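Hello,

Here is the structure I said I would pass on.

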Amino acid sequence: AKNAPNAHWVFYKPDMAEQIVQRRELEQELREAIKQNQLFLLYQPRYDISLQKITSLEALVRWQHPTHGLFMPDQFIPLAEETGIIIPLTDWVLTTACREVMAKSADLSLSVNISPVEFKASDIVFRVKSILADTGFDPSRLELEVTENATLSKPENTLKIMQQLKSFGVKLLMDDFGTGYASLNYLRSFPFDGIKLDKSFIMAMDDSDSAKNIVEKIIGLGKDFNLEVTAEGVETLSQLQQLEEFECDIAQGYFISHPTTLDKIELNQNFKNKK
Ligand code: C2E
Ligand code: CA
Ligand code: CA
Ligand code: CA
């Protein structure tokens, strides 16, 4: 035990150095991955409960690494955010998704995730605008999803960026609603068009009446604020039925569809009869 600190030092030092090297490598590989088309998009349907129809698709990025296999976003988005790679990455996602979704159907809306870090910089307005112009995608069919973290620092700046994006018709959704600090009142200070109720609330509904109650209250409050309410993580028919009763607007989750390739998405399905 007397030698423990020393032993730790000897044990951890090469490991940390190795980690730094691996990180550098991954960073370089991620830059290349964007250019070499190793990224691809899966789409998860957003189902309008009262229209009984898929009205929108959320783009979710994946990285097919040539030797390490498939990387999920949690494994490379944080690195992209820390290194600034998130800028070309988001540009790639936006451009690709606009083109692919337009080719699938002219009636579909598209949701794209924007990282809080890039949402704070005003060039996001220019980037979105020029990608819309390049692709010819209808701005009123584009929904940008940001977590409430995006609004926490420099609120005046964030508000200006949001207003500019909205001025050319883009919609704004608050992602993972309920997991952070924002109150509905705070939400009113920013021009969001909708909230996406985090999946943890929906998952708790099946075995907890208080969770059901919270979901109902949030949907009701969302309506009072004139916000479109999406429930994330809908995995069962009973959750969907409950959400319909609460007059939730949009359902998203494995019960409707896992994130999947565009060609596998059937737009005209009725999920009420689904087993
Ligand atoms: P998110 O935006 O909250 O996306 C929802 C995540 O929940 C997705 O994970 C999706 O596959 C998963 N999910 C959907 N329905 C269900 C369900 O019924 N049950 C469960 N258990 N999970 C469900 P994914 O694709 O791994 O993405 C994770 C996160 O990575 C996303 O969370 C988003 O924050 C981020 N992300 C994904 N694509 C992009 C992107 O293009 N740009 C940026 N900046 N972030 C992205
Ligand atoms: Ca999202
Ligand atoms: Ca979410
Ligand atoms: Ca998330």
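The place to start is a pair of metals: the calcium ion (ligand 3) and the calcium ion (ligand 2) are 4.2 Å apart, and both are coordinated by Asp175. Asp175 sits in strand 6 (residues 171–177), while Glu232 is in the loop between strand 8 (228–231) and helix 11 (237–245). These two residues are 57 residues apart, so the pair links distant parts of the chain.

Are Asp175 and Glu232 buried or exposed? Asp175 is buried, and Glu232 is buried as well.

For contrast in topic, take Ala17, a residue of helix 1 (residues 4–35). Ala17 has a relative accessible area of 41%. Because buried means under 20% and exposed means over 50%, Ala17 counts as partly exposed. Ala17 and Asp263 are 246 residues apart in sequence, and their C-alpha atoms are 44 Å apart in space.

Keep in mind that this is a predicted model. The protein chain has an average pLDDT of 91, and 94% of its residues score at least 70. For the complex, the predictor gives an ipTM of 0.97 and a pTM of 0.93.

Regards

How values were computed:
Residues are numbered from 1 along each chain as its sequence is written. Chains are lettered from A and ligands numbered from 1 in the order in which they are written. This is a predicted model: local features need pLDDT of at least 70, side-chain atom pairs count only at pLDDT 80 or more; totals for chains, interfaces and linings use all residues. Side-chain values use heavy atoms; hydrogens and water are left out. Donors are N, O and S atoms within 2.8 Å of the metal (3.2 Å for Na, K and Ca); water is not among the atoms, so sites may look incomplete. Helices (H or I, at least four residues) and strands (E, at least two) are DSSP runs, numbered from the N terminus. Buried means under 20% relative accessible area, exposed over 50%, partly exposed in between (1.4 Å probe, protein chains only). pLDDT is the predictor's confidence in each residue, from 0 to 100.
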